[in-house]
Every structure is written in C-alpha cells, then in structure tokens.
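Please try each task before reading the solution under it.

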Amino acid sequence: MSQKFVSRGFTGKRERAGGQGARVPPGQHLVSDFPVLSAGPTPRTDLARWTFTIDGLVTAPVSWSWADFQHLPVQDFVKDISCVTKWTKLDTRWRGVSVDTLFEHVELDPRAVALIASCDGGYTTNLLLSDALNGQAFVAYEYDGKPLAPEHGGPARLVVPHLYFWKSAKWVRGLRLVNKDAPGFWESLGYHIRGDPWKEQRYTDD
Amino acid sequence: MRRPLEWQIATVKAIAQETAQVKTITLVLPGWTAHRAGQHYDVRLTAADGYQAQRSYSIASPPERPGEVDLTVERIPDGEVSPYLHDVLVVGDAVEVRGPVGGYFVWEASSGGPLLLVAGGSGVVPLMAMLRHRAAAGAKVPARLLYSSRTLEDVIYRQELEALASRDGLEVFHTLTRGQPKGWTGYARRIDQPMLAEVSGPLGTAALAFICGPTALVETTASALVQLGLAQERVRTERFGPTGT
Amino acid sequence: MNDNDVVRDLTLDGNAVAGLLEEVFGADMTTADGECAHCGSANAVGALRAYTRAPGVVLRCPACGGVIARIVQTPRGTLVDLRGAAHLAMRR
Ligand SMILES: Cc1cc2nc3c(=O)[nH]c(=O)nc-3n(C[C@H](O)[C@H](O)[C@H](O)COP(=O)(O)OP(=O)(O)OC[C@H]3O[C@@H](n4cnc5c(N)ncnc54)[C@H](O)[C@@H]3O)c2cc1C
Ligand SMILES: [Zn+2]
C-alpha cells in the first residue's frame, strides 16, 4: 500500500547508538528517558498489606510481608533493558532480591519447569525456570538509588533484563511454579512465549 | 456506503500561526469525505528506515468546507510528532493521514442541545469544529463554551470566538489559570464545580456536554457535571493524552 | 488527585482508537454499545478507557477497570481478544 512513503525530514525522537551499537539488539533504538508503558491504571498497594508469595509446585508455599522482604539479602545490578516497542535503555541501575535467593526459601517440586508471575492490576507473564534462575531475574524495589516509582512498577517489579521488558512484570506480587510454560497477558495475544531481544523474538512464531 | 478507511497522502496547503505554541495546518485530501464535527484524523510519520510514529489530531474546520481540513496542533516541547509538524513541515509537504474517524465524540446540528462545551488548551479544537458547524448550518441551539487557557496569549481562535459569540445563542467564558491581564473580569482559576455550576446552570440538566483536553481537566469536569445532574451518557469526553506540562 | 500521575495522563478514551477499530472491524465501532463481562455495566466503545502506550491496545471498563478488549497488530496480522465484552451492539 503506502509502504514506501517517507515523511520528509522525519527521524523520530531516537538517539544514535554511536559507539554503543554492539549493545543494541536488532530492530531497537536507544532512548535516554525511561518511557512509561501502561495497559491500565497504576495500582496503589498499601505497603502494610503488600505480600510476596511463592506457590504452585512447591512443597510448602511461602509469603513475605513488605518488612520481611526488606530483610532478604539484596543485590545491586546494572543492566541494559529492551522493550518490544523498540526502545533500549543502557545501564539501568536496580536494587532487589534475586529469584535464586527467593527460591532458597522453598523446595521446588521436580515437575516445576516454568513460573507465572502475578501482579496487582491483573497482569501476568510466564518464564521458564531456565530464564529465572542463576542471577537472571530479580524482584527489584529500587531504581537509580530511589524507591521504585509506581508508574515504573513500584513498590516492586520483576526485572528479567535478558528478555523483552514485558517479562519484567510491574507491581509483581507472586510467582507460581507450574509444570508447563503457559502464556501470560501479552504472550496469549500474539507475543512470543519467551521474548529474547537478541533473537528478535517479538511475536509468536518469530 | 462510505469508502473503506485507508491511509492517504495529504498535501500541506497552508500553515498559520495561532498562538506562540499553536499552528493550524491546512491539508488537501485526495480522498476527502465529509466529516462530522468532533471527528479526528490519524497522522502517521515514517522515517527513511521505516520507523513510524502515529498520533490523532482533531479536525478544526467545519464539514461545510469540501476537499480540505484544518488541523490545529499545539507544540509539545519534548514530544515526537507535534515538534515535527511545527518545525519541519512546510507548505507543499506530503503527510500520511487516515480519517475522518471517531463517531462517538460528534455533534451535528441535528443532535440538538442545549450544548455545553468545556475545553482545556488545544482541547478547544474539536469543539471549535462544532461551533463552526453550528454557525455554518445556521443552528440556533443554545450553546456555552467554557475554555481554560494558561494566559490570554495562549487562547486559540480568540477573535473568531468573539465574533461567533456576538451571534445568536452562543456564550463564551474564559478562565486563565497562569496569569491574567490588568482588568481581567473572567475566571482566573482551574475549572472546578462552582465554575461549572455557574456556566452550565442556565442550560439546565438536559444539556449535552462535550469535554476535551488534558486528562485531569476532562476527569474533573466530567464528574462535576454528573454531580450537577447531567446524565452520564450525555457527557462525552475526549482525552488528548500527555501534554508534558 | 495526584497531578503527577503519568499513567493517568497516558489514558485516553475509546474514541481515540477509532481509526484502529475501524481498520479491524470495517466500521466505526465507537458508537457501538458494549456490555462489560466483568461487572455488567453498559458503555459505548468510545466511552471506554483506552491504553495505547503498550505492546498492544487495551480497552477497559470505566466502571470496574476490567479489560474489555485487547488488540495486537503484528507483521503477520491482527489479534483481537474480546473476552471481556459480554456483547457488542452495532447500530445501523
Ligand atoms: C482523539 C485525539 C485528538 C487529538 N487532537 C489534537 C488536536 O487537535 N491538537 C493537538 O495539538 N493535539 C491533539 N491530540 C494530542 C495529540 O494526538 C498528541 O498526543 C500530541 O500532539 C503530543 O504528541 P507528540 O508526539 O508531540 O508528543 P509525545 O511524544 O506523545 O509526548 C507527549 C508528552 O508525553 C511524554 N510522554 C510520551 N510518552 C511517554 C511515556 N511512554 N512515558 C512517559 N511520558 C511520556 C513526553 O515526554 C511529552 O512530554 C489529540 C489526541 C487524541 C487522542
Ligand atoms: Zn466493568
């Protein structure tokens, strides 16, 4: 149709990758701000009632209050993040608890192969355990030295920097271990079940 | 039957400065179809490498002007599309658009009234199309516009609104939220329920309301009007999205 | 109300996605009446809340916030999820 139309002089609000090109996955462009993506209103959860739960295929479910969660060993990490809407942001600074640390508190059923993250506001996303363990995934509650802002997923969000950012579920409240990798909110409507930006796994069948 | 909705290449016929931050762009459309006042076009920009950005812009002109439409665009300093439309686009350029779309936020002379219009900033654009259509169609439906701007200099279509208001049955009320000239007798605060009660009161609770502008203004106004007794389904809203202010 | 709620400012009305809906359904859907499958409230599609700055477009019920429709466009086609709509009534 109008595939070949070009708007004279339009380049878009994008940054040049410069010397950082090797860090930008295919089809992505750099941004310096931190765009807010939203599929619904921002939930506001009272920290006094906030809990984080691991259940499903575990011997005994475990749940932390906000205060208990703050006592778990934390890690600082600096990662590049890539959103499927095509922006990449380099060197984002986070503080949070690794999924490995959380899993030290439960005994996984050998049938567990994947997890579903559930969130305030009803969002869900799925992860293979092989993408969640070994320092690859965190529940973060500080960004850039400050408490994580509500529009960016505060009080706490999942951060899985090696996959497209929709996997890094905002307002995360729990992980459920399951025996089958079943699609979450976006994965069930055309988005890739895994979402590796380096393989450009944007949509189902990519 | 209307044609299927397709992207078409419009040509910029004229660009007029409305205020320091606002321009009106006149587009000539090869596939023009008469719109209904309040509808919008989608504008899509494409970079040489295929990157695209798409936004919606309300039609400012009345449907009584065939072959072309006016879009009135406020420049959002750190935005992506509006700075392009302001700083790069010149007469003769081609712009990809589709429309007119959006039958929900529409007023036609046959829709009746009384008509209550509430605008913030560039939110006046689709309401202006309604007022221009009202005048062009010779409709006598009583109408009131409450229009919130930062300063007098930021009021879009000021002279034309004055001219329209001197005719049958239209009254225009301004509120200036960031600064008022000496001797200003209009409102000087953000739109609130007492202001809405004063402006809408004479129209009664049977009024048909159209509210357009920044989300905060739209939400405050819509809930206040429902509290003042207007029926929910006669209170129509059009949120313009982030304005960076 | 919080004046710095970025997400509230990103919220639009269903009418704002009229172009996409017309592309998908072949007609103006904004005046179609929809019933929310979550809470039963009835609203014109144009009066729903629309979230567009996301991997897809999400339409939510203004009364209960439940998801009424999701639309994703991929290079290979368009996917529509209407599970949250008990029904849609289009007038001629
Ligand atoms: C139905 C409809 C009709 C409209 N009609 C008109 C009209 O007649 N005239 C008019 O001037 N405008 C109109 N608008 C608004 C218009 O569509 C654009 O939203 C506006 O021009 C800004 O676009 P932009 O690309 O310049 O800015 P954007 O790039 O969209 O940015 C706008 C502001 O939001 C911030 N922002 C953007 N995205 C994010 C994000 N993800 N997270 C955090 N902050 C973000 C930016 O930093 C900036 O401050 C209409 C909107 C709708 C929905
Ligand atoms: Zn509902």
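**Exercise 1: the build of chain C**

Chain C has 2 helices and 8 strands, where helices (H or I, at least four residues) and strands (E, at least two) are DSSP runs numbered from the N terminus. This is a predicted model, in which local features need pLDDT of at least 70 and side-chain atom pairs count only at pLDDT 80 or more, while totals for chains, interfaces and linings use all residues. Residues are numbered from 1 along each chain as its sequence is written, chains are lettered from A and ligands numbered from 1 in the order in which they are written, and side-chain values use heavy atoms, with hydrogens and water left out.

Task: Find the order of the elements of chain C, and state how its radius of gyration agrees with that of a compact globule.

Solution. Begin at the N terminus, from which the elements of chain C run α-β-α-β-β-β-β-β-β-β. The C-alpha atoms of chain C fill a box of roughly 40 × 35 × 20 Å along the principal axes.

**Exercise 2: burial, surface and charge in chain C**

Task: State what share of the residues of chain C is buried, and how far apart the centres of its positive and negative side chains lie.

Solution. Buried means under 20% relative accessible area, exposed over 50%, and partly exposed in between (1.4 Å probe, protein chains only); by this rule, 52% of the 92 residues of chain C count as buried. The surface comes from the Shrake-Rupley method with a 1.4 Å probe, and chain C exposes about 4000 Å², with carbon and sulfur atoms supplying 49% of it. For the charges, Lys and Arg count as positive and Asp and Glu as negative, without His and the chain ends, and each charge is placed at NZ of Lys, CZ of Arg, CG of Asp or CD of Glu. Chain C has 9 positive and 10 negative side chains, and the centres of the two sets lie 6 Å apart.

**Exercise 3: chain A**

Task: Describe chain A by its elements, its dimensions and its contacts.

Solution. Chain A holds 3 helices and 11 strands, which follow one another from the N terminus as β-β-β-α-β-β-α-β-β-α-β-β-β-β. With 206 residues, a compact globule would have a radius of gyration near 17 Å, and the 18 Å of chain A agrees. Its C-alpha trace spans about 60 × 35 × 35 Å along the principal axes. If contact means heavy atoms within 4.5 Å, then residues 24 or more positions apart account for 65% of the contacts in chain A with a separation of 6 or more. Of the 206 residues of chain A, 53% count as buried.

**Exercise 4: the two interfaces of chain C**

Task: Find which residues lose the most area in chain A to chain C, and which three supply most on the side of chain C against chain B.

Solution. Take chain A to begin with: the contact involves 22 residues from chain A and 23 residues from chain C. Buried area is the accessible area (1.4 Å probe) that two parts lose on being put together, summed over both; between chain A and chain C it is about 1900 Å², of which carbon and sulfur atoms give 62%. In chain A, Ser38(A), Trp186(A) and Leu189(A) lose the most area to chain C, together 30% of what that side buries.

Asp13(C), Asn15(C) and Glu22(C) supply 27% of the area that chain C buries against chain B, more than any other three residues.

Conventions
Rg over C-alpha atoms; globule rule 2.2 N^0.38 Å.
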